Amino acid sequence: MSMEQDPRAAAEAVYWLSAAVIRFTSQPRQLSLTGISTLAALDRKGAQRISELAGLQGIAQPSMTVLVGSLEQAGLVGRRPDPTDGRAVLVSLTPEGEEFLAARRQAGADRLSELVGKLPAADLEALAAAVPALLRLRELQEEAMEAGAALAGRGR
């Protein structure tokens, strides 16, 4: 069966590579992967309610409240009242949070750049040709996360 018929081999390769890069760039780990993912969600989507962040991350709202508290203590996020609902707060990235996220992304890109630089020319060309598909996979993952968050929000 070719890869067009069964994408499992490509999916496994992308998964293992991403897991390895995450582990490599996270040592020593300053934040949990959920914390990093929460910062990335705030970067992508802007200020969010704690309930929305919990849905995006697939965790309970009390757990997200604790995580946001830790991120706030670290100076990576801030809270402000939600102008549409005085009982709720909006969480957003601070400039320090933006810098942390940018540095982490740069570290991951630098590590991958080292690895990519070791590829033979033919593999480098194949990887360059795959970039649009990889970017589309990222979009599909974000859409799936948002759909899951919306479903979780309706179930509460």
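Is helix H3 (residues 50-57) mostly covered or mostly uncovered, and how many of its eight residues are buried? I looked up H3 and found it mostly covered, with six of its eight residues buried (under 20% relative accessible area; exposed is over 50%, partly exposed lies in between, with a 1.4 Å probe and protein chains only).

**Entry 1. Basis of the model**

I note that this is a predicted model, in which local features need pLDDT of at least 70 and side-chain atom pairs count only at pLDDT 80 or more, while totals for chains, interfaces and linings use all residues. Residues are numbered from 1 along each chain as its sequence is written, and side-chain values use heavy atoms, with hydrogens and water left out.

**Entry 2. The chain as a whole**

I recorded six helices and three strands in the protein chain. Helices (H or I, at least four residues) and strands (E, at least two) are DSSP runs, numbered from the N terminus. Along the sequence I read the pattern α-α-β-α-α-β-β-α-α. Of the 156 residues in the protein chain, 26% are buried. I also looked up contacts (heavy atoms within 4.5 Å). Among those with a separation of 6 or more, 51% come from residues 24 or more positions apart.

**Entry 3. Helix H3**

I listed the buried residues of H3 as Ile50, Leu53, Ala54, Gly55, Leu56 and Gln57. Just after H3, I found Gly58 with a positive phi of about 70°.

**Entry 4. H3 against H2**

I then turned to the partner helix. The axes of H2 and H3 come within 10 Å and cross at roughly 120°. Axes here are lines fitted to C-alpha atoms, for helices over the stretch in contact, and angles run from 0 to 180 degrees between N-to-C directions. I noted the crossing of H2 and H3 as right-handed; that term applies if the near helix is turned clockwise from the far one by less than a right angle, and left-handed applies if anticlockwise. On the H2 side, the contact is made by Thr34, Ser37, Thr38, Ala41, Leu42 and Lys45, and on the H3 side by Leu53, Leu56 and Gln57. I recorded these residues as four nonpolar, four polar and one charged. In this count Ala, Val, Leu, Ile, Met, Phe, Trp, Tyr, Cys and Pro are nonpolar, Asp, Glu, Lys and Arg are charged, and the others, Gly among them, are polar.

**Entry 5. H2 against H5**

At what angle do the axes of H2 and H5 cross? I found that the axes of H2 (residues 33-45) and H5 (residues 95-116) come within 10 Å and cross at roughly 110°. The two helices are therefore roughly perpendicular to each other (65 to 115 degrees; under 35 is roughly parallel, over 145 roughly antiparallel and the rest oblique). The crossing of H2 and H5 is left-handed. H2 contributes Leu33, Ile36, Leu39, Ala40 and Asp43 to the contact, and H5 contributes Phe100, Leu101, Arg104 and Arg105. I recorded six nonpolar, no polar and three charged residues in the contact of H2 with H5.

**Entry 6. Two positions in H5**

I looked up Gly97, which is found in helix H5. Gly97 is buried, with a relative accessible area of 0%. Leaving aside its neighbours within four places in sequence, Gly97 is in contact with Gly75 and Leu76. Gly97 and Leu42 are 55 residues apart in sequence, and their C-alpha atoms are 9.7 Å apart in space.

I also looked up Ala102, which is found in H5. Ala102 is partly exposed, with a relative accessible area of 45%. Ala102 and Ala40 are 62 residues apart in sequence and 9.8 Å apart in space, C-alpha to C-alpha.

**Entry 7. The sheet**

In what order do the three strands of the open sheet stand? I read the order as S1-S3-S2, with antiparallel pairing. S1 and S2 are the edge strands, each pairing on one side only. Two strands pair if DSSP finds at least two bridges between them. S1 (residues 48-49) pairs with S3 (residues 85-93) in the antiparallel sense over two bridges. In S3, Val91 is the bridge partner of Gln48, and Leu90 stands opposite Arg49. S2 (residues 77-82) and S3 pair in the antiparallel sense over six bridges. I found Arg80 opposite Leu90 in S3. A hairpin joins S2 to S3 through two residues.
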